[in-house]
Amino acid sequence: MASTPSNGALERWFDLHAHGSDVRTELIAGLTTFLTMAYIVFVNPAILGDAGMPKGPVFVATCLIAALGTALMGLWAKVPIAVAPGMGLNAYFAYVVVLGMGLPWQTALGAVFISGCLFLVVTLTGLRERILQAIPAALRVGITVGIGLFLALIAMKSAGIVKGSPATLVTLGDLHQPSALLAVAGFFAIVVLDRLRVPGAILIGILGVTALSFVFAGNPFNGIFSAPPALTPTLLQLDIPAALRVGVLNVVLVFFLVELFDATGTLMAVAKRAGLLLPVHQPRLNRALLADSTAIVGGALLGTSSATAYIESAAGVQAGGRTGLTALTVSLLFLACLFIAPLAGAVPAYATAPALLFVACLMLRDLVELDWNDSTEVVPAALTALAMPFTYSIAHGLAFGFISYAVLKLGTGRAKEVPKLLWVIAALFIFKFAVL
């Protein structure tokens, strides 16, 4: 069947035939990816709202940076990878930097901007891959798992399943409350739907709990559609001088390292599944690395935490997406989300908590990659993972991991296995604990 003029233009721009794809397949793949990650438009405003940021503008910033970053991936890099504010990074932003350290959210945005600029520099100079290779695989696993445990603690606290206790630090919450019961039901619904391969399982869970909250938890319903809220309260509100005064090691380095592992690891994983790791595809991957680096800077300017490539993009690849048309479809759907602000504002924390907990559970699967016969690899990874939730700080988890890895390798006569960069980072963290 002959292509329409618009399909012909899409074919030429994205070279669909050469990738064994067509417009219909790419559109379906884009919808699939969007459904698996659209939960971020509800979760991100909820998390950053806890940090005192206005939820309406954060919702707009989330939709815009997801649309713009993903469009850059689609139109420029021409890869089927979507971008949005990252889970874990938003939690670090809200609960550690703002609430834990007591910094204004404007200062935290300044730190995100600086980390994004640094990320852009190391990408342009080719240092990004070299830095990633210098971090041992065991520590990368520990970081992923630790962020997962950190998200799990936040999720269960938001749902009311756990609460603070003077005697035991944490204890069981009141499970008789409608919010806790709805969160538990939402979590099980998400897991079941995901296992049954229902597209958008997380999104369905969030919306389902939200709908039930109007009936059983007294949550007011203010409609679904409206014009987008004004972006002014968060647009260009970042405070870069204040972020520099706080210190690069305290905040910026953590943002940078987590962005490095999260974004690069995701890009490589999705690219591998899409068959894009051959040398002929290297220019597209290089542009993809630049696209996600640019999205971090753009997100800080708009008013949201660090944006990153999303592993949920693999769902679209599984559905047949192979080109940037998949990403462009996701981008347009995020733009359409701008008009559901009333619904986003009505989503309670206990409705997004099941999504956080489910994502956290999935992040723990990386534990199987550890060499459990080598304690000099396992212990630093475990300390990294355990310190993050128990100290309520991703930064402290990183510090424990880097320092313990260097000390254990040195103590067992295997100092040569420690990359030079790791010695530098470990020394910086020791200096931080000893002096700052």
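E377 is buried, having a relative accessible area of 15%, where buried denotes under 20% relative accessible area, exposed over 50% and partly exposed in between, for a 1.4 Å probe and protein chains only. The structure is a predicted model, in which local features need pLDDT of at least 70, side-chain atom pairs count only at pLDDT 80 or more, and totals for chains, interfaces and linings use all residues. Residues are numbered from 1 along each chain as its sequence is written, and side-chain values use heavy atoms, with hydrogens and water left out.

E377 belongs to helix α18 (residues 375–391); helices (H or I, at least four residues) and strands (E, at least two) are DSSP runs numbered from the N terminus. The side chains of E377 and Y405 are joined by a polar contact of 2.9 Å. Such a contact is a pair of N or O atoms within 3.5 Å; within protein, one must be able to donate a hydrogen and the other to accept it, and residues adjacent in sequence count only if both atoms are side-chain atoms. Leaving aside residues up to four places away in sequence, E377 touches A138, Y405 and K409, contact meaning heavy atoms within 4.5 Å.

G303 is also buried, with a relative accessible area of 0%. The loop between α13 (282–302) and β4 (307–309) holds G303. Its partners in contact, not counting residues up to four places away in sequence, are M53, V58, A61, L109 and T234. Between G303 and T62 the sequence separation is 241 residues, while their C-alpha atoms are 8.2 Å apart in space.

**Helix packing**

Two packed helices are described by the angle between their axes and the distance between the axes. Here the axes are lines fitted to C-alpha atoms, for helices over the stretch in contact, and angles run from 0 to 180 degrees between N-to-C directions.

| Helix pair | Angle | Axis distance |
|---|---|---|
| α4 (residues 55–77) and α15 (residues 324–336) | about 165° | 7 Å |
| α8 (residues 137–159) and α17 (residues 349–363) | about 155° | 8 Å |

Helix α4 is therefore roughly antiparallel to α15; angles under 35 degrees count as roughly parallel, over 145 as roughly antiparallel, 65 to 115 as roughly perpendicular and the rest as oblique. The crossing of α4 and α15 is left-handed, that is, the near helix is turned anticlockwise from the far one by less than a right angle, whereas clockwise would be right-handed. Residues making this contact include L64, A67 and M73 of α4 and L328, F334 and L335 of α15. By class, the contact of α4 with α15 comprises 12 nonpolar, 4 polar and no charged residues; Ala, Val, Leu, Ile, Met, Phe, Trp, Tyr, Cys and Pro count as nonpolar, Asp, Glu, Lys and Arg as charged, and the others, Gly among them, as polar.

Helices α8 and α17 are likewise roughly antiparallel to each other, and α8 passes α17 in a left-handed crossing. Among the residues in contact are V145, L151 and M156 of α8, with Y350, L357 and M363 of α17. The contact of α8 with α17 divides into 16 nonpolar, 3 polar and no charged residues.

**Backbone exceptions**

Most residues other than glycine have a negative phi. L169, although not a glycine, has a positive phi of about 70°. L169 lies in strand β3 (residues 169–172) and counts as exposed at 69% relative accessibility. Phi of L236 is also positive, near 55°. L236 is found in the loop between α10 (201–216) and α11 (240–246), and is exposed, with a relative accessible area of 56%.
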